[in-house]
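Dear colleague,

Please find below the structure I am handing over to you. My notes on it follow directly after.

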Amino acid sequence: MDALLFALVLSAEADAAPMMDAEPVTDVAPLLEAEPPPDASPPTDAAPIAHPAAPANPLPAFAIARVRTHEPVVALTFDACATLKQDNGFDREVFNILKREQIPVTVFPTGRWIETHPAEAKELAAQAWIEFGNHSYSHARMTRIPRRKAIMQIELTETIIAELGRKSVAFRPPAGAWNRSVVRLAARRHLPTVEWDVVSGDAGGHIAAARIVATVLSAVKPGSIIIFHINGRAPHTKEALPDIIRGLREKGLGFVTVSELLRRPDAQPVSAPPTPFGYAPLRDDPQEPKRPQGTVDARPPS
Ligand SMILES: [Zn+2]
């Protein structure tokens, strides 16, 4: 099936079946009962899977929030979210700051973002300091869609990224919604599932630049993974970024991509809390499913 046909199928299914009405992924239920593995414990129920970026290590059986490391490095990550109905944009000023500073970063576009921003996507792919992650095709809530659709969300975006001459280094589930089934699906593609431990809070523009700077600089630690957005819906990121970069450097922290962070010799991945419904939704995302009453996911660690 080619990419266009995939897209048509996804589109038709999205219209016909809202995610909250979708049948649950068949093997989710027992996994949701499982306790998250304690920090730094090796996975016990996942077969070792070779990964080109980290051949010596099996992929963890959980979503990675950060790594424990003694090395003074952090990973800046930028999501480029777009849905079937909402293209969003590209924050060129953020790109220009990163390019000028030559900060290695990991960008997580949805397949749909690449399709709606072909020139910008090619420009990103031409930068040696940028690596790509997979952020699903249409920003689907991966824990709330059938397995078959979840597989397509990952596969289609891998195909689209491959057309840019790149390969993903990780999978980042939209809204951070993950369970072990999602992690396993990403692992089929040899992708670790990577979230974050430091939330810049830039999405939506509700938080001023000064507070974004203060939040990041107070929460960061060696091995942190920091989430920002580069899809034009985080208007204060460009204002906050220079001070964040300066502040991190003053703390003696250097910048690495996510794959480089996971490859540090002493890196021990730390699990993100399981979040079957995802973290706080974007306020104006029309595709955001409503949570069932009484369900509150853990907040991101900070
Ligand atoms: Zn996103």
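Are α6 and α7 parallel or oblique to each other? This is a predicted model, in which local features need pLDDT of at least 70 and side-chain atom pairs count only at pLDDT 80 or more, while totals for chains, interfaces and linings use all residues. Residues are numbered from 1 along each chain as its sequence is written.

**The helix pair**

Helix α6 spans residues 147–162 and helix α7 residues 180–188; they pack at an angle of about 40°, with their axes 10 Å apart. Helices are DSSP runs of H or I with at least four residues, strands are runs of E with at least two, and both are numbered from the N terminus. Axes are lines fitted to C-alpha atoms, for helices over the stretch in contact, and angles run from 0 to 180 degrees between N-to-C directions. The two helices, α6 and α7, are therefore oblique to each other; angles under 35 degrees count as roughly parallel, over 145 as roughly antiparallel, 65 to 115 as roughly perpendicular and the rest as oblique. On the α6 side the contact is made by A150, I151 and I154, and on the α7 side by V182, L185 and A186. Two residues are in contact if their C-beta atoms, placed from the backbone, lie within 7 Å.

Strand β2 (residues 73–80) is mostly covered, with eight of its eight residues buried. A residue is buried if 20 or more other C-beta atoms lie within 10 Å of its own, exposed if 12 or fewer, and partly exposed in between. One side of β2 carries V73, A75, T77 and D79, the other V74, L76, F78 and A80, and these are all buried.

Strands pair if DSSP finds at least two bridges between them. The partners of β2 include the following:

- β7 (residues 254–255), parallel over two bridges, where V73 stands opposite G254.
- β6 (residues 225–229), parallel over five bridges, where D79 stands opposite H229.
- β3 (residues 105–109), parallel and joined by five bridges, where T77 stands opposite T106.

**P109 in β3**

P109 has its place in strand β3. This residue, P109, is buried, with 32 other C-beta atoms within 10 Å. Leaving aside residues up to four places away in sequence, P109 touches A80, I114, A121 and H135. The C-alpha atoms of P109 and G133 are separated by 6.9 Å, although the two residues are 24 residues apart along the chain.

With kind regards
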